[in-house]
Amino acid sequence: MTTVSPSVEVERKTPFLKRLDRVSWTWVVTIVYLTVMLLIPISAMFLKAATEPPSRFWAIATSDIALATYNVTFFTAIFAALLNGVFGTLIAWVLVRYDFPFKRLIDATVDLPFALPTSVAGLTLATVYSDNGWIGSLLAPLGIKVAFTRTGVAVAMIFISLPFIVRTVQPVLQEMEHEIEEASWCLGASQWQTFWKVILPPLFPTILTGVALGFSRAVGEYGSTVIISSNTPYQDLIAPVLIFQRLEQYDYSGATVIGIVLLSISLVLLLAINFLQAWARRYDSR
């Protein structure tokens with residue numbers, strides 16, 4: 001049996017120690033911050049849910065009321081994100097390509113959902129879209145009820161997620177060269193052909209990023225939706241409100257199980273959107 005002298009052992013460890021010395025402090029701070037703020041809380045949530053037996057976990061995650069809240073939450077959030085993907089891009093286009101009175105005021109107003117407390121946003125929307133509100137009173141004769149329905153949940157999600165699409169698309173539009181569009185027009189392309197074949201391809205991954213951000217924000221919204229909806233099971237009850245109701249009943253494990261399902265489905269959808277982004281970039285590079 002051969003023995004290794006201490007000097008040889010130090011020499012073997014030296015390259016590793018040198019690599020540690022070269023690690024930037026910003027890298028260390030980033031890892032520590034992400035660990036404390038993301039990894040530890042998510043791990044704690046999974047460990048809490050793991051205290052439930054698999055049969056009990058499945059029963060909570062697939063209960064009728066839980067499935068109904070998933071339906072309301074995710075389908076409404078997807079609808080709100082896609083709708084904002086269209087109109088948010090249009091708003092960003094107008095703010096970038098046109099000059100008009102009070103442009104800066106309107107541009108600043110887009111950020112209002114960022115600064116406005118969600119409970120205040122919900123109260124405002126519920127007042128405006130109620131049967132006696134400014135907009136609700138116009139829709140009521142048509143048989144359209146917004147406040148305290150699933151439609152109200154959609155309106156709240158659209159309101160709070162709109163800035164994500166506008167602020168994501170706007171910088172990219174500002175960097176796009178207007179001469180490319182003019183060249184397309186000179187070659188005989190119509191405005192629609194120019195938008196579809198020249199403007200949209202490089203803009204599409206950015207729109208998907210904004211849609212993903214808006215979708216994530218809408219899924220996790222609580223403050224505004226809890227006010228503008230009636231929170232009735234199987235109608236307009238969303239998953240975050242159901243989690244809060246479970247916590248009020250001291251059912252911490254049940255609330256954690258629903259939270260994990262919410263997190264898992266959101267992660268899968270976001271990965272799918274990121275896959276579409278990568279595919280769009282590869283397609284555009286060709």
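Predicted model: local features only at pLDDT ≥ 70, side-chain atom pairs only at ≥ 80, totals over all residues.
## Starting with F57

F57 sits in helix α3, which covers residues 54-61. Leaving aside residues up to four places away in sequence, F57 touches A49, E52, V257 and I260. Look also at G254: although F57 and G254 are 197 residues apart along the chain, their C-alpha atoms are separated by 8.0 Å.

Side chains of opposite charge can pair when their charged atoms come close. How many salt bridges does a search of the whole structure find? The search finds seven.

One of the salt bridges brings together the side chains of D107 and R167, at 2.6 Å from N to O. D107 is partly exposed at 23% relative accessible area, and R167 is partly exposed at 24%.

R167 also forms a salt bridge with D111, with the closest N and O atoms 2.8 Å apart. Here the two partners are 56 residues apart. D111 is partly exposed too, at 27%.

D131 and K145 form a salt bridge with their closest N and O atoms 3.4 Å apart. D131 lies in the loop between α7 and α8, K145 in the loop between α8 and α9, and 14 residues separate them. Salt bridges that share partners join D107, D111 and R167 into one network.

Methods: Residues numbered from 1 in each chain as written. Heavy atoms only, no water. Helix = DSSP H or I, 4+ residues; strand = E, 2+ residues; numbered from the N terminus. Contact = heavy atoms within 4.5 Å. Salt bridge = Lys/Arg side-chain N within 4 Å of Asp/Glu carboxyl O. Buried < 20%, exposed > 50% of the residue type's maximum accessible area, 1.4 Å probe, protein only.
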